[in-house]
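Hi,

Here is the structure I promised to pass on to you. Have a look at it first, and then read on for what turned up in it.

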Amino acid sequence: MIAFENLDVRYGAAAPPALKGLTLSLDRGIVGLLGPNGAGKSTLLKALLGLLRPFAGTGTVLGIPLGAPEAARLRSRIGYMPEYDALIEDASAYEQVAFWGELSGLAPEAARDRAHEVLYFVGLDESRYRPVSGYSTGMRQRVKLAQALVHSPELVFLDEPTNGLDPDGRRRMLDLVLRVHAELGTGVVLASHLLGDVERVADQLVILDQGEIKAAGSMAGLRRVLAKRVELRFLEPLDAAQEAGLADLGAVLEARNGLYDLELAEADPVAVFRWAQARGATVVQLTPRHDRLDEVLLRALHGTPVRGTGLRPTPPEPPRPDQAEPAPEDAVRGTGLRPTPPEPPRPDQAEPAPDFLPSAGTSAREER
Amino acid sequence: MPIYEPTLPPAPDLTQGQPPSLVLMRFDLTRLWRQKIGRFFGFAFLIMLLVKLAIIYVKYLLGSNPAFEPMQDFAKAVLPQGPAFQAGLLDPAGYLLWFLVALVGGGLVARDTLYRVRPLMYAHPVRPRDYLLAKVGFASALPFVVLLPFVFLPWALSLMVAGLQGPVWPTVPLRLLPAIALMSLLMGTLAVGASALAATPRAGVGWVLGLVLGTSTLASLVHGLAGFAGAEALNPIVLAQAWPQLFVGQEAPLLGWLSALLGTAFHVVLWTYLAARRTRPSEAVI
């Protein structure tokens, strides 16, 4: 679907690179493009749309090379939902969706018919004749999604589609994204800095920071690992022998105040109770740690390998003399999260083959 | 809410569409229609046109009816004669038309800048030259369409009432159509270039008026201080008045052929270049 090699994008020849030598290949599906603000997500989307000419490197989108004369034709096969409010305020949703459809190559009558259909699809059928200046944020986001879908693209780029939405609006928007892929068969690239959004819909994950790919892999592999992550607490503090015996269950990633963060060898919580019964310990808390995806993100951003996830961090570049290395705590200040120190991989837990580009039979929904 | 989950029918045919420039121009026309500014300008231009037609009929009566013979000397003193009269058919190309072009053209690019829709346009199969062509085309077509009745209605009336010997030359459309084409191109490019410099439609109107009046003042200053009459070729108002005079062969036109050509080319190239620079994709993205 998308492939690029050593892609380098700059806003001007003398400007520093906004994307630094990216190399990646993505299959059809829902790709989550994750990274903090300013990571280069929107720049990457614009480069893939042909709005920014690559300074160096090559790439193809839907088989058409970036920067080729056919790029304009390529855009009729792609839908783009921008991050910002790109709405024509003095026009109704119906008028502007029809307009974008015509710009994509639809005949005027077909564009008008399609505008009705796609606004119905996104749930704006009742208010489609009202000027968008009176719309709520959720409705505005849905108009933007409708204009991206009006010409039935093969691939759609969604840049922060849940920006400014309340939890219910977010849920409905993400449901729409899932339906776009499931019902229309459209490939989706979803750029977001919200981990929960990407986790909910994506089946492939690319983590970007400072214009570099920090990690890339399948969400399926990541979820398999996260299913093994549990938090354990016992009635009585474990003695040294019992603590040592925890290694039979899996890897102890963290132990503090009687709380053990474990990565189980198998995703089987019952084994924990069997283990406790055999050693005379009483389990009072066993909490699955699916929320550890944020830790994966933080580790990727710091260039630390994430054991067993199939996510491959790219080697960090040596720091430039004019750019001091930020302290690891700086990246997570205010989040309440502390990145765990990197652990050397154990010989008995070898890094599994990264399942980047999941097989055709695996989808994000099957995993869920 | 619908009682069942809606979905989309199969993909439509994407090869039946119109060229992007035409789609953009049609959308701008819809916007213009919604602004309802045509009521005032339509009324004003209609009155001007009726006055022109009345003058033509009076001229016809003066020339054909013996009862008006005593008034002929007076009429010759008051009304322009010969080529000056033919060129005067386009008098509305004065301040009112410039004001209309500023009001409409000033918002053409600036409105897209304000709503930030230009990057989204370029995310569709729209090239920067399609966009520029649409905006310049629309801004130029507007004065052209406004001026067309001022050429054809007096000409038709003159032919109807007096035949080939009427007050309006039978060849007037051939002479004035190129003139209004050049005037419209000048007005359109200037308006689009000014609009590209503005961040809001209102600012765009200000930019157009400011550039028209500013260059006029500059040209007059240079003319007055240096005594160089050719400097008036910088003045877009004078240029717009000069083209009909040149094409009908009026004696002592405001500008010579070379000055008018160079001045018009200077404005068209400068404002088109500025508009192109300000609406290129990287500018739109940043």
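How many of the 5 residues of strand β3 (residues 30–34) of chain A are buried? The count is 5 of the 5, so β3(A) is largely enclosed by the rest of the structure. Please keep in mind throughout that this is a predicted model.

**Around strand β3 of chain A**

In a regular strand the side chains alternate between the two faces of the sheet. In β3(A) both faces are covered: A:I30, A:G32 and A:L34 are buried on one side, and A:V31 and A:L33 are buried on the other. This strand has a parallel partner in strand β8 (residues 187–192) of chain A, with 5 bridges between them. Within that pair, A:V31 has A:V189 of β8(A) as its bridge partner. β3(A) also runs parallel to β9(A), to which 4 bridges join it. There, the residue of β9(A) opposite A:V31 is A:Q204.

Strand β9 (residues 204–209) of chain A leads on to β10(A), and these two pair in the antiparallel sense through 6 bridges. One facing pair is A:L208 with A:I213 of β10(A). The hairpin of β9(A) and β10(A) has 2 residues between its strands, and A:Q210 takes a positive phi there, near 50°. Strand β10 (residues 212–218) of chain A is mostly covered, with 7 of its 7 residues buried.

**The nonpolar core**

The largest nonpolar core has 155 residues, and the members that touch the most others are A:V97, A:L190 and B:V101. Helix α9 (residues 172–197) of chain B supplies the largest share of this core, 15 residues. Leaving aside neighbours within four places in sequence, A:L190 is in contact with A:I30, A:V31, A:G32 and A:L33, with A:L158, A:P161 and A:V177, and with A:V198, A:V201 and A:A202.

After α1(A) comes A:G50, which has a positive phi near 85°.

Helix α5 (residues 137–149) of chain A has 13 residues, and from its first C-alpha to its last it reaches 19 Å, close to the 18 Å expected at 1.5 Å a residue. This helix is mostly covered too, as 10 of its 13 residues are buried. Among the buried residues of α5(A) are A:R140, A:R142 and A:K144, along with A:V143, A:L145 and A:L149. The elements that cover the buried residues of α5(A) include the strands β6 (78–81) and β7 (155–159) and the helices α3 (93–103), α4 (108–121) and α6 (167–184) of chain A.

**An open sheet**

Chain A also has an open sheet of 4 strands in the order β2-β1-β4-β5, with antiparallel pairing. β2 (17–26) and β5 (64–65) of chain A stand at the edges with a single partner strand each, so one side of each has no neighbour in the sheet. Strand β4 (residues 56–61) of chain A is joined to β5(A) by 2 bridges, in antiparallel fashion. In this pair A:V61 stands opposite A:I64 of β5(A).

**Chain A as a whole**

Chain A has 13 helices and 14 strands. Of its 368 residues, 44% are buried. Among contacts in chain A with a separation of 6 or more, 69% are between residues 24 or more positions apart. The chain is divided into domain 1 (2–222) and domain 2 (228–288), and the C-alpha centres of these two domains of chain A lie 43 Å apart.

**Where the chains meet**

The contact between the chains takes 36 residues from chain A and 33 residues from chain B. On the chain B side, the elements that give two or more residues are α1 (20–35), α7 (118–122) and α13 (281–285) of chain B. Of these, α1(B) gives the most, with 5 residues. The chain B side that touches chain A divides into 21 nonpolar, 7 polar and 5 charged residues.

Enjoy exploring it!

Best wishes

Conventions. Residues are numbered from 1 along each chain as its sequence is written. Chains are lettered from A and ligands numbered from 1 in the order in which they are written. This is a predicted model: local features need pLDDT of at least 70, side-chain atom pairs count only at pLDDT 80 or more; totals for chains, interfaces and linings use all residues. A nonpolar core is a set of buried Ala, Val, Leu, Ile, Met, Phe, Trp, Tyr and Cys residues joined through C-beta atoms within 7 Å. A residue is buried if 20 or more other C-beta atoms lie within 10 Å of its own, exposed if 12 or fewer, and partly exposed in between; C-beta atoms are placed from the backbone. Two residues are in contact if their C-beta atoms, placed from the backbone, lie within 7 Å. Ala, Val, Leu, Ile, Met, Phe, Trp, Tyr, Cys and Pro count as nonpolar, Asp, Glu, Lys and Arg as charged, and the others, Gly among them, as polar. Two strands pair if DSSP finds at least two bridges between them. The expected span of a helix is 1.5 Å times one less than its number of residues. Domain bounds come from an automatic or database domain assignment.
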